[in-house]
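Please keep the sequence and the model in view while reading.

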Amino acid sequence: MARVTCTDLRKVFPTPAGNEVAVDSISMTLEDGEFTTLVGPSGCGKTTLLRMISGLETPTEGRITFDEDDVTNLRPQNRDISMVFQDIALFPFKTVRENIEYGLKYTDVDGETRDEQVEEMARITDIEELLDKKPNQLSGGQQQRVALSRSLIRSPAIFLLDEPMSDLDAKLKIEMRAELKELHREFQTTTLYVTHDQEEAMTLSDQVVIMNDGMIMQKASPYDVYHNPNNVFVARFMGSPTINTIEATMTPDGVSSPLLSSDVDLSSAQRERIASAATGDQVTLGIRPSDLKPVDDDTEPSIEARVNIFEQMGDDIILHLKSAADEQDLRALAPPHDRPERGETFTLGFDVADLHVFDGRTGEALANGFERAERESPKP
């Protein structure tokens with residue numbers, strides 16, 4: 001295991017149109033034994049960052065250390081890492097046993113010990129009965145287990161995975177996520193996992209790193225990136241269905257928006273908390289769909305909206321609505337046994353304690369909830 005530190009890491013690619021900055025002065029630390037997920041939209045630089053940590057790309061600027069060792073210019077084979085890619089890349093002409101054993105090719109392990117380690121790794125990943133088969137005789141999930149086994153058998157200091165489950169079906173992804181979490185508990189290897197799937201990021205990680213345009217937007221626990229996002233981008237990217245955002249203006253008593261039936265009243269302390277960090281009077285309110293629900297009256301600030309479509313997700317019914325005020329798209333949850341009709345109108349209410357408030361110009365978080373007791377992130 002190792003502690004990975006990236007300091008002022010930058011990667012620039014020359015293009016016919018000029019230089020393209022893929023990673024822009026990133027500094028972060030992956031703690032020893034931590035499972036960190038790197039997530040963000042396509043083209044945000046997450047794979048480039050992983051490739052620099054692996055040695056497959058050389059930084060334009062900056063420094064990478066494993067513990068106290070500077071590895072910035074070391075070749076991949078000298079970094080004590082293992083990688084699993086989106087393309088599993090098993091040797092088609094070798095058996096499962098031979099594929100796993102290949103992970104020990106450049107070690108000093110003797111033949112008998114090597115056989116024992118292959119058998120043990122196959123037992124851990126539950127593919128003992130597949131050792132004499134070829135990759136083309138395996139399912140996608142079984143091939144993924146072989147690839148994980150081949151990488152982990154070397155007991156690397158750092159384990160790097162680049163969207164390894166993107167080609168698996170939904171059911172198999174869920175199964176593989178559970179197995180990968182168990183493997184991490186077993187080996188406690190420092191792990192960096194790249195994905196564009198926020199569900200994978202939220203369920204697998206000790207820490208989540210959200211990237212956009214080559215920069216880190218936030219690094220925190222899954223709990224904190226959801227409940228305490230640093231900015232509007234993180235709030236919108238993390239969470240499904242996505243957060244509702246409403247443009248609003250600060251008033252002497254709180255905040256006001258044409259979308260709301262009445263102003264949101266805040267205490268002087270709450271308003272001061274926002275105003276002291278804001279760059280102006282314009283703010284963006286964030287309300288999670290799970291916090292925006294049909295109510296019987298509009299005595300409190302509420303939103304009138306009509307159903308466009310709905311999704312039945314087990315007990316959850318996700319409403320996709322259009323606001324009556326300006327046709328803005330909104331998302332909310334309906335009671336479990338409701339059967340909403342297209343065009344049906346709802347009055348949607350929320351608790352002020354659940355409001356997120358962001359600066360209208362910069363998008364930075366000004367408040368994540370009001371009058372909410374301080375809560376520590378639950379331990380994984």
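## Terms and basis

Two strands are taken to pair if DSSP finds at least two bridges between them. Strands (E, at least two residues) and helices (H or I, at least four residues) are DSSP runs, numbered from the N terminus.

The model is predicted: local features need pLDDT of at least 70, side-chain atom pairs count only at pLDDT 80 or more, and totals for chains, interfaces and linings use all residues. Residues are numbered from 1 along each chain as its sequence is written, and side-chain values use heavy atoms, with hydrogens and water left out.

## Overall composition

The protein has 380 residues, of which 48% count as buried. Buried means under 20% relative accessible area, exposed means over 50%, and partly exposed lies in between (1.4 Å probe, protein chains only). Nine helices and 21 strands make up the secondary structure. Along the principal axes, the C-alpha atoms fill a box of roughly 75 × 50 × 45 Å.

## The six-stranded sheet

Six strands form an open sheet with antiparallel pairing, in the order β13-β12-β11-β14-β20-β21. β13 (264-265) and β21 (365-368) stand at the edges with a single partner strand each, so one side of each has no neighbour in the sheet.

Strand β14 (residues 282-287) is mostly covered, with five of its six residues buried. Strand β11 (residues 244-250) pairs with β14 in the antiparallel sense over six bridges, and A248 has V283 of β14 as its bridge partner. β14 is also joined by four bridges to strand β20 (residues 356-359), again running antiparallel. In that pairing, G286 stands opposite H356 of β20. As background to reading such pairings, side chains in a regular strand alternate between the two faces of the sheet.

β1 and β4 run antiparallel and are joined by five bridges; T7 has R63 of β4 as its bridge partner.

A side-chain contact also connects β1 and β4. E61 forms a salt bridge with R10, with the closest N and O atoms 4.0 Å apart. E61 lies in strand β4 (residues 61-66) and R10 in strand β1 (residues 4-15), so the pair ties together parts that are 51 residues apart in sequence. A salt bridge here is a side-chain nitrogen of Lys or Arg within 4 Å of a carboxyl oxygen of Asp or Glu. Both residues count as partly exposed, E61 because its relative accessibility is 45% and R10 because its relative accessibility is 21%. R10 and E61 also belong to a network of salt bridges that includes D24.

## Salt bridges within helices

The structure holds 16 salt bridges. One of them joins the side chains of E120 and R123, at 2.6 Å from N to O. These two residues lie in helix α3 (residues 111-124), three residues apart, about one turn of the helix. E120 is partly exposed at 35% relative accessibility, and R123 is partly exposed at 42%.

E175 and K171 form another salt bridge, in which the closest N and O atoms are 2.6 Å apart. The two residues are four apart in helix α5 (residues 170-187), and so about one helical turn separates them. K171 is exposed, with a relative accessible area of 59%, whereas E175 is partly exposed at 32%.

## A negative surface patch

Which residues form a negative surface patch? The patch consists of D253, D263, D265, D296, D297 and E300. Patches are made of residues with over 30% relative accessible area and no salt bridge, like charges being joined within 9 Å and nonpolar side chains (Val, Leu, Ile, Met, Phe, Trp, Tyr) within 5 Å. Asp and Glu count as negative.

E300 is located in the loop between β15 (293-294) and β16 (302-313). E300 counts as exposed because its relative accessibility is 54%.

Definitions and conventions:
Areas by Shrake-Rupley, 256 points an atom, 1.4 Å probe, with all protein chains shown as cover. Charge placed at Lys NZ, Arg CZ, Asp CG, Glu CD.
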